[in-house]
Amino acid sequence: MKKIFAVLFIMLFMLVPSALASEPAISSDSQTFNPFTGVYDLKGNVHVDLGDRVIDGDAAKVYLYQLKVTAEGNISLTDKPTGIHFDCDKVDVIGNEKTAYVSGSMIFTQDDLRITADSGSFNWKTKNAVFNGNVAVNGAPQQGDVTYNVRDKKFI
């Protein structure tokens, strides 16, 4: 029985490196990793570099096999190709949807543009950022939801 378990364990670790080929660059004060679930649990001075997107904050979970990151506390999310930046309390980045969902004291910036809202999202395929609840653009309150295309730098 022990030999079967050992063989299965070795086979699993032979498969893990190929699954982690595009593993993000991760650092934090403390972290654990479960190779069976593919989940990093990060606490304190969290930094997750996903290539085009960088997340900094107080705590995060990185789900490698699901291509997902959830982070909370003093979040900073930067999309390098577009130069946009979100500051918020929480972010969920869903790789399969190509979308980041942000909430809590959300501030979005790009160049001189500053948008605040209760929550928002950014789809890096469409380049649309959508803002919901108490939206203000450069301090001017807006009615309803606001959609902004970060590539064209235009409101839709």
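Two strands pair if DSSP finds at least two bridges between them. Strands are DSSP runs of E, at least two residues long, numbered from the N terminus. The model is predicted: local features need pLDDT of at least 70, side-chain atom pairs count only at pLDDT 80 or more, and totals for chains, interfaces and linings use all residues. Residues are numbered from 1 along each chain as its sequence is written, and side-chain values use heavy atoms, with hydrogens and water left out.

View 1. Strands S2 (residues 30-34) and S3 (residues 39-49) run antiparallel. Five bridges join them. Thr32 has Asp41 of S3 as its bridge partner. Four residues lie between the two strands of this hairpin. In the turn sits Gly38, with a positive phi of about 75°.

**View 2. The nonpolar core around Ile55.** A nonpolar core is a set of buried Ala, Val, Leu, Ile, Met, Phe, Trp, Tyr and Cys residues joined through side-chain atoms within 4.5 Å. Buried means under 20% relative accessible area, exposed means over 50%, and partly exposed lies in between (1.4 Å probe, protein chains only). The largest such core has 34 residues. Ile55, Phe86, Val91, Phe108 and Phe131 have the most contacts inside it. Strands that each supply at least two residues of this core include S4 (53-63), S5 (68-79), S7 (99-110) and S9 (128-132). S6 gives the largest share, five residues. In soluble globular proteins, nonpolar side chains tend to be buried together. Contact here means heavy atoms within 4.5 Å. Leaving aside neighbours within four places in sequence, Ile55 is in contact with residues including Val46, Leu50, Val69, Ile75, Leu77 and Val91.

**View 3. Asp92 and its surroundings.** Asp92 is found in strand S6 (residues 84-94). Which residues does Asp92 touch, not counting residues up to four places away in sequence? They are Val69, Thr70, Thr99, Ala100 and Tyr101. Asp92 and Val69 are 23 residues apart along the chain, but their C-alpha atoms are separated by 5.7 Å. The side chain of Asp92 also meets that of Lys90 in a salt bridge (3.7 Å, N to O). A salt bridge is a side-chain nitrogen of Lys or Arg within 4 Å of a carboxyl oxygen of Asp or Glu. Lys90 counts as partly exposed, at 31% relative accessibility.

View 4. By the same rule, the count comes to five salt bridges. One of them joins the side chains of Asp49 and Lys80 (3.4 Å, N to O). This pair links distant parts of the chain: Asp49 is in strand S3, and Lys80 is in the loop between S5 and S6, 31 residues apart. Asp49 is partly exposed, with a relative accessible area of 21%. Lys80 is partly exposed too, at 44%. Lys153 and Asp111 also meet in a salt bridge (2.5 Å, N to O). Lys153 lies in the loop between S12 and S13 and Asp111 in the loop between S7 and S8, so the pair ties together parts 42 residues apart in sequence. Is Asp111 buried or exposed? At 61% relative accessibility, Asp111 counts as exposed.

**View 5. Ser121 in strand S8.** Ser121 lies in strand S8. Ser121 is buried, with a relative accessible area of 17%. Beyond residues up to four places away in sequence, Ser121 touches Thr99, Ala100, Tyr101, Val102, Asn128, Ala129 and Val130.
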